[in-house]
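Here are my notes on the model, as numbered points. Have the chains open side by side while you read.

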Amino acid sequence: MKLHTKEITIQTKNKFQIIDITAQIQSFISKNKIQKGIATIFTNHTTSAIIINENEPRLLQDIENNLEEIFPENKKYLHNIHDNNASSHLKSILMSPSQTIPIINNELNLGTWQRVMFVELDGPRQRAVNLSLIGE
Amino acid sequence: MKLHTKEITIQTKNKFQIIDITAQIQSFISKNKIQKGIATIFTNHTTSAIIINENEPRLLQDIENNLEEIFPENKKYLHNIHDNNASSHLKSILMSPSQTIPIINNELNLGTWQRVMFVELDGPRQRAVNLSLIGE
Amino acid sequence: MKLHTKEITIQTKNKFQIIDITAQIQSFISKNKIQKGIATIFTNHTTSAIIINENEPRLLQDIENNLEEIFPENKKYLHNIHDNNASSHLKSILMSPSQTIPIINNELNLGTWQRVMFVELDGPRQRAVNLSLIGE
């Protein structure tokens, strides 16, 4: 059993942005010749998330609009006295900072429509995402 | 340390359906004699999720009703121009496509009321769920 | 590759409470000298969750208030005929019972503001959280 870790850097451009990182994860798996195992994708930030869903532009806009309806930026939050981004923290808690995905035949075992995506909720910022592979 | 993977197939019958898959996961752990480790359960679909909660019929109905209140099927979504299931995608993002669970003494280390359940959000369909065990 | 598991016990004092367990996880990693790997944190209860976010008191209050707005305790739920805590179950499903975090240089690879926190949704109760480390 082998273990490989790598940090990837993402420069976001907008307050809200969804960035497909599937190719970068797949490339790290290929390079390390992991045939079988698991990949854990972990974002190091409290106003971001990792999701696995369809990368369809209108759906990504629906995600932005509907998260904003649940936790509007302009609503009154106690945390905003401290730092004006409570809405971003709350949205990230509805999603998750990490996802764990099977690796089979040297590939991320994703379904037809599944893509691994980084969700920026308080950009633009430079972000770090950690990839951890365990397998053989 | 050993690694075992298996794909299980689930045939759903309704648009929304919650299916308990705990016994199938436990059976795969028993068969492979993993005493200690972790099990990752991963659904390969963007309109489904894996949850761990109580398998109580009225609670399952509450889950369906309350997810529908948050993201009603009949609301206007941009993605619906493309494929009429944005509500299903959004519900899946509120939950998660994967869960990772400890294995102790050759058993999934679940609490008294915890069951691992597949959530169909856009059925009926045939679905694939991947089980990955890492342990010894 | 080594594997270590430990159960930690948490005594909660309120109906809703967020408890930072980062130090306990870090201490278990240090003691077992895991330099590199992953840590899976798993709560054994269907009315609790594990989140990774900023431990800022006003934000924790925002989390409590906003989850309560989404799934109010006093709303009518079918499960409440059985056990008066459907709101707690539903809130837990919006979050997750487990999180998997990279370990690098004998430390949980958390970002500056990230803390691992147990969320009690139906306390006060005594709770069990399982820590599983896989690494070398």
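1. Contact here means heavy atoms within 4.5 Å. By that rule, 32 residues from chain C and 33 residues from chain B make up the contact between them. Before going further: this is a predicted model, where local features need pLDDT of at least 70, side-chain atom pairs count only at pLDDT 80 or more, and totals for chains, interfaces and linings use all residues. Residues are numbered from 1 along each chain as its sequence is written, chains are lettered from A and ligands numbered from 1 in the order in which they are written, and side-chain values use heavy atoms, with hydrogens and water left out.

2. On area, chains C and B bury about 2,700 Å² between them, 63% of it on carbon and sulfur atoms (buried area being the accessible area, 1.4 Å probe, that two parts lose on being put together, summed over both). On the chain C side, the residues losing the most area to chain B are C:L3, C:F42 and C:I93, together 22% of what that side buries.

3. Now the helices: α2 of chain B (residues 57-70) packs with α3 of chain C (residues 86-94) at an angle of about 60°, the axes lying 10 Å apart. Helices are DSSP runs (H or I, at least four residues), numbered from the N terminus. Axes are lines fitted to C-alpha atoms over the stretch in contact, and angles run from 0 to 180 degrees between N-to-C directions. α2(B) and α3(C) are therefore oblique to each other (angles under 35 degrees count as roughly parallel, over 145 as roughly antiparallel, 65 to 115 as roughly perpendicular and the rest as oblique).

4. Who touches whom in that pair? From α2(B) come B:L59, B:D62, B:I63 and B:N66, and from α3(C) come C:A86, C:H89, C:L90 and C:I93. These contact residues divide into five nonpolar, two polar and one charged.

5. On symmetry, chain C superposes on chain B by a rotation of 120° with 0.0 Å of shift along its axis (RMSD 0.0 Å), using least squares on the C-alpha atoms of residues with pLDDT of at least 70 in both. The two copies are thus related as by a three-fold rotation axis. In chain C, the C-alpha nearest the axis belongs to C:L94, 3.3 Å from it. The copies use different surfaces, as 19% of the contact residues of chain C recur in chain B.

Terms used. Helix = DSSP H or I, 4+ residues; strand = E, 2+ residues; numbered from the N terminus. Nonpolar A, V, L, I, M, F, W, Y, C, P; charged D, E, K, R; others polar.
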